[in-house]
Each structure stands twice: as structure tokens, then as C-alpha cells.
Amino acid sequence: MTRAAQGAGGAARTSVWLEGRVRRGGRGGGQPSSGLDRERITGAAVRLLDAEGLAGFSMRRLAAELNVTAMSLYWYVDTKDDLLELALDAAFGELRLPGPDTEADWRDQLRRLAAEYRALLVRHPWLSPLAGTFLNIGPNSLAFSGTIQRVVRRTGLPEQRLAGAISAVFQFVYGYGTIEGHFVTRCADAGMVPDDYFRHALSAATRAPDAAEVFRESVALMAARGGDTVAEMLDRDFAFALDLLVAGIEAMVARG
């Protein structure tokens, strides 16, 4: 779903990247501040989102972090949504992407891209809801999308199957990374490391009469899977699920 923000004059706006203006000032009354620019504001927004999450993010709170007035921020962005969209693309800029001339096997590249995206979603739990909200046409997001398309084209799948393959892999990664990011956030909110939180949650769940039998089966599955820590279990599941998807692509190519 894409959210259209209200711009100056009440006109619906689809993306900050389609505005084409360097200076904003959509609220009026704001004045440029010395030493302040979009890049600095965006970087501060990412840090605040990491610390407070989407629920704790506000232009007033950001202004306090930058030691400026809230209205001065509107000299550089028209709306809070614009700033969130800028922060989203800045986070995508953290992804390490292979160059266009690399000769690495497509399977290895696909796994690396998937691992990078998963780590990004876990590192910035606020990213996943924003990725499902905006158009994602900033330069860093487009570079990521273009790299994915280039790698998946090398699989040998016919053109009409490429979009489905991309969806299978990266919607899986999106879901996996989103849930893992929520788990990490819950652990932090509880003041517990993931292993302690996992044991505490599992112990509590097995005491619920309706859930006890299901969780006993889950414990058996987890024991069979192996892994001494939550991180190891998550990594093993992710790697195996990704192997299944890669094998599926290979099988579809073999079938022609």
C-alpha cells in the first residue's frame, strides 16, 4: 500500500522523490538554520527511529535532538512523511551490493543480497512498515531493486517468471526479517537478551492449557533443528529456507 502525503495547498503527493524541489518550507514560517541540511536531518531521523521507533518519532522530538526549532525543519522537508521516506532510503543505502561486472555465481549473490536485506530489517525494525507504505523509488532503494533484477535474470528463468522468483525470495526475507526485528525489539523492551527472553516466553507458553501440546511439538522440532542459541537457530532456519527457494528456482529452470 502506498500512502499519499498532503503537500502544500492540500495536493496529494506520492513521493518526496517526485517533487523535484531542493528547498521545501511547506508549512511556512520556518527559517533555514546554520549547519543544518537535509542530509544531517535525515541522519538524525534514522538515529531517532532506531532509538524510539516509529511510535516515538516526531518532528518536535527530532528538532530537540538537533537543537533547532521544529518549524525550522520544514524549511527542508514539507511533511513528516517526506522525512520518513528520506530516512527509509538512507537506511537502504547501508546495503552492500555487488557490482554489475562481478562474475560470482547467481546463487551466492542471491544469498548475499537476502542476508543483507534480512540484517537491515533486523537492525532497523521501523523499516519494514515504511517499506510497505511508500513507493520506494529513492536512489538507494532503486539500486537494490536493480541489483536484485540483474542477479535473478542470470538464473535462466524465462522473463515472465522473474517477478515471481523475486517475490518468492524477497517477500520471504521481508517477513523473516520483520518478525526477527520485532523479536529483538521485544527482548530489548523486556531488558533481556534473546536467549533468556526465548526461554522465559517458551516456559510461559507451555503453561497455557490450549497451547501446551502445540508447544511441546515445537520444542521437539527445535531440538531436532539444533543450535545452542536463538541466533544460531534463526540463522539455520533462514539458510535452509533460502536453500529451498534456490533449489526451487533451479528446478523450474530445469523444467524449462
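User: Thanks! What do the side chains of R61 and E65 meet in?

Analyst: The side chains of R61 and E65 meet in a salt bridge, at 2.4 Å from N to O. By salt bridge I mean a side-chain nitrogen of Lys or Arg within 4 Å of a carboxyl oxygen of Asp or Glu. Before we go on: this is a predicted model, where local features need pLDDT of at least 70, side-chain atom pairs count only at pLDDT 80 or more, and totals for chains, interfaces and linings use all residues. Residues are numbered from 1 along each chain as its sequence is written, and side-chain values use heavy atoms, leaving out hydrogens and water.

User: Got it. Where do R61 and E65 lie?

Analyst: Both are in helix α2, residues 59-66, and they sit four residues apart, about one turn of the helix. Helices here are DSSP runs of H or I with at least four residues, numbered from the N terminus. An α-helix has 3.6 residues a turn, so residues three or four places apart point the same way.

User: And which residues are linked with them in a network?

Analyst: E52 joins R61 and E65 in a network of salt bridges. The E52 to R61 bridge is 3.2 Å, N to O.

User: How many salt bridges does the structure hold?

Analyst: Eleven. One of them pairs R153 with E159, with the closest N and O atoms 2.9 Å apart. R153 is partly exposed at 44%, while E159 counts as exposed at 55%.

User: New topic: what does T147 touch?

Analyst: T147 touches L97, P98 and L113, not counting residues up to four places away in sequence. Contact means heavy atoms within 4.5 Å. T147 lies in helix α7, residues 139-153, and is buried, with a relative accessible area of 4%.

User: Last one: how far apart are the end C-alpha atoms of α11?

Analyst: They are 38 Å apart, which agrees with the 38 Å that its 26 residues (230-255) should span at 1.5 Å a residue. That expected span is 1.5 Å times one less than the number of residues. Buried residues in α11 include V230, F238 and I249. After α11 comes G256, with a positive phi near 75 degrees.

Definitions and conventions. Helix = DSSP H or I, 4+ residues; strand = E, 2+ residues; numbered from the N terminus. Buried < 20%, exposed > 50% of the residue type's maximum accessible area, 1.4 Å probe, protein only.
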